[in-house]
Amino acid sequence: MPTMTKAGEKWAKAAAKDMKKRTKNNKIKKTKKNTKKHKPKYSLKNAKKQIISKKKYQELIKKRQHHKKLSLKQRKQLDEALFVNYCSCIKSLKYDQKVKDYLEYPVCMSSIYKKRGFKSPKGVTVKCGKYK
């Protein structure tokens, strides 16, 4: 039976220690995957407070309609404002007795995006679900 040198023994101990760490990390990772995280719901009221003023909103809409150049910040502000207005439109029509069920989606899509000549973003109705 061959004997190990001191360096070989140190290497074997380090390898064993490393294997223990790896198995512990794997166990921790497996348990983290199993737990579900609940996504917080955001309020439309707070979202409306944070968006741009009506004057600036109208100004940005006119710029986009006439294909003027918007900065990245302006584009993001306008997209966010349009999105929040779309979600609030859906929410208000959803609980209105005069509007038939599920008719709020095309009505709001038309009034916020289509009539202004804007392309609606993909999955915008699904994203509205995160607002209460």
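## Pairing

A disulfide is here a pair of cysteine sulfur atoms within 2.5 Å. The structure holds 2 disulfides, and with bonded cysteines counted along the chain they follow the pattern 1-4, 2-3.

## Basis of the values

This is a predicted model, in which local features need pLDDT of at least 70 and side-chain atom pairs count only at pLDDT 80 or more, while totals for chains, interfaces and linings use all residues. Residues are numbered from 1 along each chain as its sequence is written, and side-chain values use heavy atoms, with hydrogens and water left out.

## Cys-87 and Cys-128

The sulfur atoms of Cys-87 and Cys-128 are 1.9 Å apart, and the two residues form a disulfide. Cys-87 belongs to helix H4 (residues 72-94) and Cys-128 to the segment after helix H6 (124-127), so this pair ties together parts that are 41 residues apart in sequence; helices are DSSP runs of H or I with at least four residues, numbered from the N terminus.

Because the torsion about the S-S bond of Cys-87 and Cys-128 is about -90 degrees, the disulfide is left-handed. Cys-87 is buried, with a relative accessible area of 4%, and Cys-128 is buried at 11%, where buried means under 20% relative accessible area (1.4 Å probe, protein chains only).

## Cys-89 and Cys-108

A disulfide also joins Cys-89 to Cys-108, with an S to S distance of 2.1 Å. Cys-89 lies in helix H4 and Cys-108 in helix H5 (residues 104-112), so the pair ties together parts that are 19 residues apart in sequence.

The torsion about the S-S bond of Cys-89 and Cys-108 is about -85 degrees, so this disulfide is left-handed. Both Cys-89 and Cys-108 are buried.

Methods: Helices (H or I, at least four residues) and strands (E, at least two) are DSSP runs, numbered from the N terminus. Buried means under 20% relative accessible area, exposed over 50%, partly exposed in between (1.4 Å probe, protein chains only).
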